[in-house]
Amino acid sequence: MSADTPRRPSFLPFRLEDTYARAVPALSLAWSAAPVPAPRLLALDEGLAGELGLDPAWLRSPDGVALLAGQVPDGVTTVAQAYAGHQFGGYSPRLGDGRALLLGELVDASGTRRDLHLKGSGRTPFARGGDGKAAVGPMLREHLVSVAMHALGIPTTRALAVVATGETVLRETPLPGAILARVAASHLRVGTFQYAAASGDPALLRSLADYAIARHHPAAAEADEPYLELFRRVALAQAELVAQWSLVGFVHGVMNTDNMTISGETIDYGPCAFLDAYDPATVYSSIDTGGRYAFGNQPAAAQWNLARLGETLIPLIGDGADGAVESATAVLHEFAERYDQAFVEGMADKLGLDESALGDGVDETVRELVRDLLALLQTNGVDWTSFFRALSARTADGHFLDATDFHAWVARRDALLPQDRAAVAARMDAVNPVYVPRNHRVEEALARATAGDLGPFERLLGAVSSPYADRPGLEDLRGPAPAGAPRHITYCGT
């Protein structure tokens, strides 16, 4: 092997499958990762490796690191996936994996099929002017936030590893390059269906829908209208997902249709962040100048995306075009109802309310309690995450300059609580995290990692990996940015 030839494993100690590429070959293109000069492992989720049936020691070996950098043995075909998408409302007919590759599919220890996918592995034919590479900071951000989301119990794509490439990538300044290896239930997106529908080939669209049903929503196959039921199940999964985002204060930042999965997992942690002060108008993405994907707009954005999915499925739904549109519209109403129910019930959990308060469902008393609390938090600029832990500890007064209205609200809430207040506090602490990836701490850790010091990143990763357990020595990771700090901004396409 010459010095210029990248290392390739001679074999893999596990099987990579390609059911997607074989089921719908028109929706992916065989392609290879760019060679990298000096791959070096920066982060590895050994727990996830175990779930996948992979040996962490092998992944840390030169052959394992070479695989995580996109170098595969002879006979393994990697592909770039094709999809379209609405980006900030504007339709792009050809997006696809511009700097990503699907290495293949693994069947994990539980029998579930999952994608192993790279990001930052070089240009593909779907690249749109970029170099196809990624930098250390953004790839470590994806790793950190996906670990945090998983620990919070929120469906998410997960980062298996981050590998430094030994290259320099040019952005505003030269930066060290990296590749992310991530795992997902699949990478099927609303944009995948848009691409298939735009092809004008009904057989391709039907094959894609059949594959999605078999892989993600198999019960839909038994319905009278399986494609309508697929749409319904995707919509309800997304309603639950976006409600979970809202409950922890997560702002996605780039909710384009190519970033909405059919599985119901969160995907793409580029311009994303967590709320500090509660404000529905919060935007962290540098490119979201109109606030399309502001925190409070996320449910409506998800519903809009789902309407685009519904449009692609109309030809597959029976009852004629008018009947199909009516049925799909009813699903969109179900989305709104499920989101509202999931959010209010989740807020009731965060407030310590149990079945004795909820009865057979969320009544208007609880809804008003939640609405009034949100208004108080917004008016007073209260930090979202720390407020609920303080409420559990009965120390939340300090979040308000004038706590008079808050005290009146607390009295209303307390009237709905069971008598065992210790049990209430324990229940609240089980759903209200101490640690989330605080924006200023993330930026500090990534800056240090880019300079070669992974210590702060690993410390923050340890905190968010166990978000509900308050631990001594991590006090500096609990709170928001100090008063007067500049507004946090994240960037896309990094």
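Biologist: Why is Arg394 called partly exposed?

Modeller: In this predicted model, Arg394 has a relative accessible area of 44%. Buried needs under 20%, exposed needs over 50%. The value 44% lies in between, so Arg394 is partly exposed.

Biologist: Which other residue has a positive phi although it is not a glycine?

Modeller: Phe88, with a phi of about 55°. Phe88 sits in the loop between strand S4 (85–87) and strand S5 (90–92).

Biologist: What makes Phe88 partly exposed?

Modeller: Its relative accessible area is 27%.

Biologist: Are Trp245 and Phe250 buried or exposed?

Modeller: Trp245 has 3% relative accessibility. Phe250 has a relative accessible area of 0%. Buried means under 20%, so Trp245 and Phe250 are buried.

Biologist: What makes Phe387 and Phe406 an edge-to-face pair?

Modeller: Centre to centre is 5.9 Å, within the 6.5 Å cut-off. The planes are 75° apart, over the 60 required. So Phe387 and Phe406 pair edge-to-face.

Biologist: Why say that this pair links distant parts of the chain?

Modeller: Phe387 is in helix H13 (residues 384–393), and Phe406 is in helix H14 (residues 404–414). The two residues are 19 residues apart.

Biologist: How do you know that Phe387 is buried?

Modeller: Its relative accessible area is 0%, under the 20% limit. Phe406 is buried too, at 2%.

Biologist: Which cluster do ring pairs form?

Modeller: Ring pairs link Tyr278, Phe295, Trp384, Phe387, Phe388, Phe400, Phe406 and Trp409 into a cluster.

Biologist: What makes Arg292 count as sitting over the ring of Trp304?

Modeller: The charged end of Arg292 is 4.7 Å from the ring centre. The distance cut-off is 6 Å, and the charge must also be within 35 degrees of the ring normal. Arg189 likewise lies over the face of Tyr83, at 4.2 Å from the ring centre.

Key: Residues numbered from 1 in each chain as written. Predicted model: local features only at pLDDT ≥ 70, side-chain atom pairs only at ≥ 80, totals over all residues. Heavy atoms only, no water. Buried < 20%, exposed > 50% of the residue type's maximum accessible area, 1.4 Å probe, protein only. Phe/Tyr/Trp six-rings, centres within 6.5 Å; stacked < 30°, edge-to-face > 60°. Helix = DSSP H or I, 4+ residues; strand = E, 2+ residues; numbered from the N terminus.
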